[in-house]
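Work through the exercises below with the model open. Try each task before reading its solution.

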Amino acid sequence: MTVHELSRGDARRLAVRAQLLTADRPSGMVDVVRRLTLLQNDPTSAVAPSADLVLWSRLGSSYAPAQLRDALDEQTLLELHGMIRPPEDLALYRAEMAEWPGRPPLRDWQEGLRDWVDANRGCRLDILARLRADGPLPARELPDTCDVPWRSSGWTNDRNVRKMIDFLVQRGEVAAAGRRGADRLWDLAERVYPDEVVPYEEARRIRGERRLRALGIARARAPESPGEPNDVGAAGEPAVVEGVKGQWRVDPELLDQTFTGRAALLSPLDRLVYDRRRLTELFEYDYQLEMYKPAAKRRWGYWALPILYGDRLVGKLDATADRRAGVLRVDAIHEDVPFTRAMTTAVRHEIEDLADWLGLTLALAS
């Protein structure tokens, strides 16, 4: 098999094209989610929730957050483990759910989870019975009949129903079913998920292929990451990137396509920037999400948005949506490279568009 030889620029353009961030904007929210395979449903809204920012970055101001809420309520899109996915993709996870907490040999922590659920079999059955009779329901309306409380040094200590729901989702027995106001609703998975179940190994292969299609270029193997993996196994074809050690996998259908870039403001959880190792290797871009750092130790801001220009990540936008005051406050535009006049104009246009989309007045720091 041919090993594709790419420059860093080739690799970056491949990644940007795959993530639908070129000048040729996509149309249709559900189609965007299908192509990206997921949206991380993180509630942090210093500017806007991440899922909404990802969609706005691709679709522009034609996208309204109510579209995503409606799609989840109507189950046009589904949520699994904090990731919003197209419903047909859930068939790729059903076989893995059936093998919860994993394939033998189990690790000690997996055995601990299994033992806790087994010890609280009555509570599990009570929750399933209540959902069968009255679901969908919020967690606060589900019975806590656990015999063995959940013990944790963190915030989930004694939150028995919350932890049981987490495990029932992982087991494929319960599914997220939209929201009622601020409450997330839960229902029996059989009422939410498609009936199809793709066999375990075939599902893993297809998921790797779908992930590579969304990323454009990725490592065959990568360190474990919470949520969605960053590697793609044997999907696609091998490639090497000039100046970067090791071998990559690429989606050959995305090679040799024309590229016209644009400016874009990205969520800190955007898949283009989520894999920090790939970000450093291909984009030579220094970035960390600093919301968990003390304010005095932040270099770029609490929820700084990476700035894309063409096939380069060129800076960070430190901005906050102050909804009470009705303003999008921009505290700083950090330039990783000196902005040209064209870059300054394009980035300023995106910031203005972001403020308009949020329905806020733009307030630039003096």
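**Exercise 1. Which residues of α7 meet which residues of α8?**

Step 1. Take the α7 side: Cys 123, Arg 124, Ile 127 and Leu 128. Step 2. Their counterparts in α8 are Val 161, Met 164 and Leu 168. Contact here means heavy atoms within 4.5 Å. Helices (H or I, at least four residues) and strands (E, at least two) are DSSP runs, numbered from the N terminus.

Step 2. Place the helices: α7 spans residues 121–134 and α8 spans residues 160–170. Their axes lie 11 Å apart, at an angle of about 80°. Axes are lines fitted to C-alpha atoms, for helices over the stretch in contact, and angles run from 0 to 180 degrees between N-to-C directions. Step 4. Classify: α7 and α8 are therefore roughly perpendicular. Angles of 65 to 115 degrees carry that label, under 35 is roughly parallel, over 145 roughly antiparallel, and the rest oblique.

A note on the source: this is a predicted model, where local features need pLDDT of at least 70, side-chain atom pairs count only at pLDDT 80 or more, and totals for chains, interfaces and linings use all residues. Residues are numbered from 1 along each chain as its sequence is written, and side-chain values use heavy atoms, with hydrogens and water left out.

**Exercise 2. How many disulfides does the structure hold?**

Step 1. Apply the criterion: a pair of cysteine sulfur atoms within 2.5 Å. Step 2. Check Cys 123: the closest cysteine sulfur, in Cys 146, is 3.2 Å away, too far for a bond. Step 3. Cys 146 is accordingly in no disulfide. The total is zero.

Step 2. Cys 123 is buried, at 1% relative accessible area. Cys 146 is buried too, at 15%. Buried means under 20% relative accessible area, exposed over 50%, partly exposed in between (1.4 Å probe, protein chains only).
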